[in-house]
Amino acid sequence: MVNPYHLEQRQTLDLIRDRLETVPEDRDRLLEWTAPYRAFRAGASDFLDRHFHAVCTEKCFRDRLSACCSREGIITFFADMAVNVLISDAPELDALGAVLDVPNEGFKCVYLGDRGCLWRIKPIVCEMFLCDAALSAAFDGDPGAAARWEALKEERKRFTWPDRPVVFDDLETHFMAAGLTSPLMYLHNSPGLLRVKQRAGVASRPFEHRRSDS
Ligand code: SF4
Ligand code: SF4
């Protein structure tokens with residue numbers, strides 16, 4: 001049987017796809033609004049490829065012993081799903097839906113295919129997870145790279161941590177304003193994140209009322 005974890009991801013995937021198919025003009029607007037975030041992700045991805053590809057291949061991927069990509073080991077935010085749907089084609093999204101429709105009997109993440117992650121832009125939690133062994137192997141003797149990594153972690157907050165207006169909140173708000181809701185909308189339903197917003201005095205507002213570079 002498909003478990004609730006997969007079910008809520010499947011429902012969210014379908015909800016976003018349906019919305020973008022029904023209101024195609026939304027796609028262009030959201031692509032524009034998410035461009036700064038996608039540029040951040042491209043930079044982070046380049047950095048990680050440069051510094052961690054060899055380490056991770058050596059330590060984990062050859063024997064598939066990785067601490068990354070474990071079964072049901074990730075948090076997927078609504079915005080992760082929305083951004084990925086925006087830039088993926090139909091066969092890629094069909095593939096994501098298909099793996100969610102069958103029970104996961106293995107011990108790895110359901111999205112892990114033979115050639116790696118099935119997401120075009122993987123969830124932010126996955127992208128930014130690095131084990132201690134990888135960090136020390138990659139940054140040993142390279143203080144510049146370590147500093148760049150710290151800068152990327154700070155930059156991530158500009159898009160995801162709701163002590164200020166962030167695109168992760170905006171995307172949820174935008175879809176909610178259209179009457180859609182998902183359990184993955186953690187910036188609207190996680191008590192901890194709601195407290196962060198409350199303490200910072202941040203009120204969720206639709207994208208239309210935000211500057212496009214926030
Ligand atoms: S970050 Fe660590 S656990 Fe994950 S693939 Fe790299 S070496 Fe393996
Ligand atoms: S979504 Fe992708 S990167 Fe994240 S755990 Fe699953 S396979 Fe790994």
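Here are some questions and answers about this predicted model.

The model is predicted, so local features need pLDDT of at least 70 and side-chain atom pairs count only at pLDDT 80 or more, while totals for chains, interfaces and linings use all residues. Residues are numbered from 1 along each chain as its sequence is written, chains are lettered from A and ligands numbered from 1 in the order in which they are written, and side-chain values use heavy atoms, with hydrogens and water left out.

Q: How many aromatic pairs does a search of the whole structure find?
A: Rings of Phe, Tyr and Trp (its six-membered ring) pair if their centres lie within 6.5 Å. Searching the whole structure that way, the number of aromatic pairs is 11.

Q: Are the rings of Phe40 and Phe159 stacked or edge-to-face?
A: Planes under 30 degrees apart count as stacked, over 60 as edge-to-face and the rest as tilted. The centres of Phe40 and Phe159 are 5.3 Å apart and their planes are at 25 degrees, so this pair is stacked.

Q: Which helices hold Phe40 and Phe159?
A: Helices here are DSSP runs (H or I, at least four residues), numbered from the N terminus. The pair ties together parts that are 119 residues apart in sequence, because Phe40 lies in helix H3 (residues 35–61) and Phe159 in helix H8 (residues 143–160).

Q: Is Phe159 buried or exposed?
A: Buried means under 20% relative accessible area, exposed over 50%, and partly exposed in between (1.4 Å probe, protein chains only). Phe159 is at 1%, so the word for it is buried.

Q: Are Phe78 and Phe175 stacked or edge-to-face?
A: Phe78 sits in helix H4 (residues 78–87) and Phe175 in helix H9 (residues 167–177), 97 residues apart. Both residues are buried. With 5.1 Å centre to centre and 70 degrees between the planes, the pair is edge-to-face.

Q: Which residues have the most contacts inside the largest nonpolar core?
A: A nonpolar core is a set of buried Ala, Val, Leu, Ile, Met, Phe, Trp, Tyr and Cys residues joined through side-chain atoms within 4.5 Å. Among the elements giving two or more residues to this core are helix H1 (4–22) and helix H2 (24–33). The core has 50 residues, and those with the most contacts inside it are Ile16 and Phe52.

Q: Which helices do the buried residues of H1 pack against?
A: The buried residues of H1 include Leu13, Ile16 and Leu20. Not counting residues up to four places away in sequence, Ile16 touches Phe78, Met81, Ala82, Val85 and Phe175. The buried residues of H1 pack against H2, H4, H5 and H9.

Q: How many residues of the shell around ligand 2 are charged?
A: The surrounding residues, each with a heavy atom within 4 Å, include Cys69, Cys109, Cys117, Lys122 and Cys126. Ala, Val, Leu, Ile, Met, Phe, Trp, Tyr, Cys and Pro count as nonpolar, Asp, Glu, Lys and Arg as charged, and the others, Gly among them, as polar. Eight are nonpolar and none polar, and the number charged is one.

Key. Contact means heavy atoms within 4.5 Å.
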